[in-house]
Structures are given as structure tokens and as C-alpha cells.
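Let's take a look at this structure together. Please have the sequence and the 3D view at hand as you read.

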Amino acid sequence: MARFEGYYQAEVVAAGRVTPNMMRVRFGGSELDRWISSGDPDERLTIAFPCPGQRTPPRPRIAGGAWHFDGCAEPEQRSYTVRRVGNGTLDVDFVVHEGGFASDWATRAEPGDIVGLSEAGGWYRRPPDAASVFLIGDATALPAIGRIVEELPVHVRAHAVIEVASEDDVQELPSAADLTTTWLTGSGMGRAPSGLPDAVRDLTMPGGGAYVWAAAETSATRAIRKHLRHDRGLPNSAMSVIGYWRAEKEAWLQRYEPAKPAMRRRRAALEATGLTGQDLVEAWDQEMERAGL
Ligand SMILES: Cc1cc2nc3c(=O)[nH]c(=O)nc-3n(C[C@H](O)[C@H](O)[C@H](O)COP(=O)(O)OP(=O)(O)OC[C@H]3O[C@@H](n4cnc5c(N)ncnc54)[C@H](O)[C@@H]3O)c2cc1C
């Protein structure tokens with residue numbers, strides 16, 4: 001998913017708060033005419049931000065499916081979800097949090113600011129015969145959940161469990177489907193342990209035909225994935241569980257950097273076994289846990 005072929009410069013055309021801890025930035029510009037949506041309702045893209053003192057991020061060379069920047073030091077890049085796309089513009093909702101480069105950029109964003117965007121792709125794969133859908137996520141997954149429920153057909157039953165920083169961060173979620181929601185406030189979001197794993201354990205799921213999409217902080221999604229696979233016995237095709245961010249990322253990176261070469265070898269060895277999907281993700285999680293990561 002981190003591999004891409006395209007790079008599109010986009011310009012901020014509007015920016016404002018959706019709720020106290022969520023900024024919405026609307027991007028436009030002539031290069032967006034060439035940008036093609038993957039059509040996945042959870043489609044994510046990479047945003048490259050300008051280096052300090054510069055107005056635009058440097059244009060990368062694309063080689064081996066990755067961006068290689070010449071000139072200024074490699075710009076900061078982060079993953080975000082396309083909340084809405086159409087009419088030559090694209091909206092991204094940024095969670096506002098302490099000490100985040102992208103979060104700080106979004107709170108200061110003004111018309112005319114420039115970023116680089118990759119093309120997009122997502123993981124949401126509801127089997128056509130799944131009559132009920134469970135959507136689990138923290139505020140970083142709210143843009144995807146909002147778009148997923150907007151696009152759900154009328155006959156589907158959906159339940160969303162969403163963790164946000166405060167009651168004022170709860171959003172209206174229009175949907176044609178039969179949608180119920182549970183909002184968790186005061187847990188997770190880097191301020192406290194996430195309440196999502198316990199909330200998922202408490203869910204009543206119908207015997208067959210349920211699909212679960214979950215995205216949140218990585219330790220929460222690890223716990224959710226284990227529970228769905230081992231306690232509930234859900235098959236791979238019935239779930240997409242994705243880690244979106246890491247709490248205390250700086251401390252994690254300090255532990256990860258020295259282990260990086262060995263972890264890369266282990267990753268290649270795992271991929272060579274032919275594991276795919278959530279099987280591969282869980283096997284990788286186990287490797288990471290064994291390495292204290
Ligand atoms: C596929 C995908 C889609 C995503 N879509 C969205 C989206 O639509 N909207 C969105 O807001 N995020 C989304 N994210 C998550 C986002 O990429 C991360 O939260 C990212 O780390 C934010 O970058 P930053 O520069 O603000 O913070 P960083 O510089 O990465 O981190 C700085 C500090 O903040 C902490 N931190 C990071 N994110 C959060 C957070 N959300 N809350 C509290 N503390 C945090 C880190 O642990 C670190 O200590 C998505 C991630 C993925 C993988």
C-alpha cells in the first residue's frame with residue numbers, strides 16, 4: 001500500500017474545523033485533474049509537506065514504487081484518508097493532537113499552501129453477501145468510517161464504534177443503511193489506553209455474514225485482530241484490521257532503529273512463506289512483539 005507511481009502537487013483551497021479536534025483541509029489545483037480515486041471508501045494517500053523555509057515540497061523521482069527526493073532534505077510524509085473527492089477537489093480530515101508535524105501543519109493551513117499527494121488505495125472489502133458491517137475506529141479512522149457509511153447500500157445493517165477525544169468531537173454520520181453508533185470519549189487518542197478492544201469484545205455479532213473493518217492506534221488494532229481471529233474465529237475474508245498510528249512514536253522509533261536491519265530480514269522471510277492478508281499481518285505482529293516493538 002505504501003508503493004506508488006504518481007505524485008501530484010495540490011494547493012489548499014479551504015481549511016476549517018469540523019469539530020474541536022478535527023481540521024478539514026480542501027485541496028485543489030490543476031494537477032488534481034489527473035488524480036484518480038481508487039474508489040475504496042477508506043482510500044489513503046501519502047501527503048508530502050514542504051521542508052522548513054520552503055513553500056512547496058520538492059518533486060520526487062519515483063523508483064521501485066517509492067519517492068526519492070533530491071534537493072532539500074527529505075520532506076515529512078504522512079498517511080491520510082480521502083474523506084471526499086469530486087469536482088476537482090479532495091478533502092482530508094486531520095486529527096488535531098499534541099506535537100504532530102502534520103497536525104500542526106493542518107491547524108495553520110491557508111489557501112495557497114502546497115503539498116504533494118500520492119495516488120490512493122484502501123483495504124475495505126465487504127463481501128457482497130455480508131448483511132451486517134461493524135466499523136471500529138478511533139478519530140483517525142473517522143474520515144474513512146464517515147465515507148464508508150455514506151456509501152453503504154440501504155439493505156445493510158451497520159454498527160460503528162468510534163473513539164474520539166471529547167463529546168464535542170462526535171460527528172453526524174449520514175447513511176442510507178440501517179446504522180447504529182457507539183461513541184467512546186475520554187479513552188485512547190494518546191491520552192489514555194484505548195477503550196476499543198474491550199468495546200469489540202462486548203459486541204454481539206450475528207452468526208454468519210458479518211464483515212469487520214477496524215483502524216486505530218496499533219496496539220488497539222493488534223488486540224482487536226487477535227480477538228476477532230482467535231476468540232471469534234472470523235476468517236480473513238470477513239475482516240480488514242489496520243494499524244493507523246503509534247502512541248509514543250518517538251520512543252518506539254528509538255527501539256526500532258537499531259533492530260531495523262534484522263526486522264527487514266525477518267519481514268522478507270515471512271513474505272517468502274507465502275502468507276498474505278491478515279495472516280501475514282498477525283505473523284508480523286508476533287515478530288514485532290517478540291522484538292519488544
Ligand atoms: C491508512 C491510514 C490512514 C490514515 N488516515 C488518517 C486521517 O484521515 N486522519 C488522521 O488524522 N489521521 C490519519 N491517519 C493517522 C496519521 O497518519 C497519524 O496519526 C500520523 O502520525 C499523524 O502525523 P503527525 O505528523 O500529526 O504526528 P507525528 O509526527 O507522526 O507524531 C507526533 C506524536 O504524536 C503522536 N500521535 C500521532 N498521531 C496521533 C493522534 N492521531 N492522536 C494522538 N497522538 C498522535 C505520536 O505517537 C507522536 O508521539 C492515517 C494513517 C494511516 C496508516
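This is a predicted model: local features need pLDDT of at least 70, side-chain atom pairs count only at pLDDT 80 or more; totals for chains, interfaces and linings use all residues.

## Around the ligand

The ligand is surrounded by 26 residues, and the closest are Arg 78, Ser 79, Arg 246, Lys 249 and Glu 250. By type, the shell divides into 11 nonpolar, 7 polar and 8 charged residues.

Where do these residues come from? At least two residues of the shell are supplied by each of strand S6 (77-81), strand S8 (89-95), helix H1 (101-108), strand S14 (239-245) and helix H5 (249-272). S6 gives the largest share, with 4 residues. Domain 1 (8-117) and domain 2 (132-245) both contribute to the shell, so the ligand lies between them.

## Backbone contacts and burial

Now for the polar backbone atoms. Arg 246 has a backbone N or O atom 2.5 Å from an oxygen atom of the ligand. For Glu 248, a backbone N or O atom lies 3.1 Å from a ligand oxygen atom, and a polar backbone atom of Ser 103 is likewise 3.1 Å from an oxygen atom of the ligand. The protein buries 90% of the 920 Å² that the ligand exposes when taken alone.

## A closer look at Tyr 211

Tyr 211 sits in strand S13 (residues 210-217). Is Tyr 211 buried or exposed? Its relative accessibility is 0%, so Tyr 211 counts as buried, the cut-off being under 20%.

The side chain of Tyr 211 makes a polar contact of 2.6 Å with the side chain of Ser 240. Along the chain, Tyr 211 and Pro 128 are 83 residues apart, while their C-alpha atoms are separated by 9.9 Å.

Definitions and conventions
Residues are numbered from 1 along each chain as its sequence is written. Side-chain values use heavy atoms; hydrogens and water are left out. A residue is near a molecule or strand if one of its heavy atoms lies within 4 Å of it. A polar contact is a pair of N or O atoms within 3.5 Å; within protein, one must be able to donate a hydrogen and the other to accept it, and residues adjacent in sequence count only if both atoms are side-chain atoms. Accessible areas come from the Shrake-Rupley method with a 1.4 Å probe; for residues, only the protein chains shown count as cover. Ala, Val, Leu, Ile, Met, Phe, Trp, Tyr, Cys and Pro count as nonpolar, Asp, Glu, Lys and Arg as charged, and the others, Gly among them, as polar. Domain bounds come from an automatic or database domain assignment. Buried means under 20% relative accessible area, exposed over 50%, partly exposed in between (1.4 Å probe, protein chains only).
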